[in-house]
Amino acid sequence: MPSKITPNGLTKINIKSKVNFHTVNISGESTIQASIEDVWAILINPQKISNCMPGLSSWEIIESEKRFQLFIIWGEDDAPRLKVPITLEWKEITEPTFMLLSGDILVGTAVTETTGELNLTATTPTTTTIQFTAVVDPPNQMIDQMARTLAPTIANTFFKRLQQLVQSK
């Protein structure tokens, strides 16, 4: 039976920034009309989940089922675009409910360290809630502002695409 997507996608997102310490805390929740197993199968498949990442231009496996190199294109259609490399590592996985990630985002010569968690809960046999948190540690105020500004758009797009992908299964 095909899955259905919820109309709102991401149901909530919170962003907190400690300007003095340049730490951006992002959290949110998304409900997907699909079994936890179907959602998990996409989250741990780099080929499939790469379709959900906004701005992704290319990616490669550094270490099988553990480390990946992503290249994201950031920028507006009418402005210069920036190719941003991201090294992403799956640090801990508990199938099918938990994933701990870490990443290094290189913007110019500045490295921004990130960590994130995905917690999946089967709220019904055909509904999965994903709670996520991310901590972004930008090296300067400009990247701090970019993280706070871009996080809602990136998260909303990612979860909407994830829903569509699960639905098309």
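Visitor: Why is Thr112 called buried?

Guide: This is a predicted model, and in it Thr112 has a relative accessible area of 2%. Buried means under 20%, so Thr112 is buried. Thr112 is found in strand 7, residues 110-124.

Visitor: What does Thr112 touch?

Guide: Leaving out residues up to four places away in sequence, Thr112 touches Gly103, Asp104, Ile105, Val136, Asp137, Pro138, Pro139 and Ile143. One of these, Ile143, is also among the buried residues of helix 3.

Visitor: How do you know that the reach of helix 3 is close to the expected one?

Guide: Helix 3, residues 141-168, has 28 residues. From its first C-alpha to its last it reaches 40 Å, and 40 Å is expected at 1.5 Å a residue.

Visitor: Where does helix 3 bend?

Guide: Helix 3 bends by about 40° at Leu150. A proline, Pro152, follows within four residues.

Visitor: What makes Asn140 a cap of helix 3?

Guide: A side-chain oxygen of Asn140 lies 3.2 Å from the backbone nitrogen of Met142, at the N-terminal end of the helix.

Visitor: Which residues of helix 1 and helix 3 meet?

Guide: Val39, Ile42 and Leu43 in helix 1 meet Phe158, Leu162, Leu165 and Val166 in helix 3. The two helices pack at an angle of about 115°, with their axes 10 Å apart, and their crossing is right-handed.

Note on methods: Residues numbered from 1 in each chain as written. Predicted model: local features only at pLDDT ≥ 70, side-chain atom pairs only at ≥ 80, totals over all residues. Heavy atoms only, no water. Expected span 1.5 Å × (residues − 1). Bend = angle between axes of the 7 residues up to and from the residue. Buried < 20%, exposed > 50% of the residue type's maximum accessible area, 1.4 Å probe, protein only. Polar contact = N/O pair within 3.5 Å; in protein donor to acceptor, adjacent residues only side chain to side chain. Contact = heavy atoms within 4.5 Å. Axes fitted to C-alpha atoms, helices over the stretch in contact; angles between N-to-C directions. Left-handed = near helix turned anticlockwise from the far one by under 90°.
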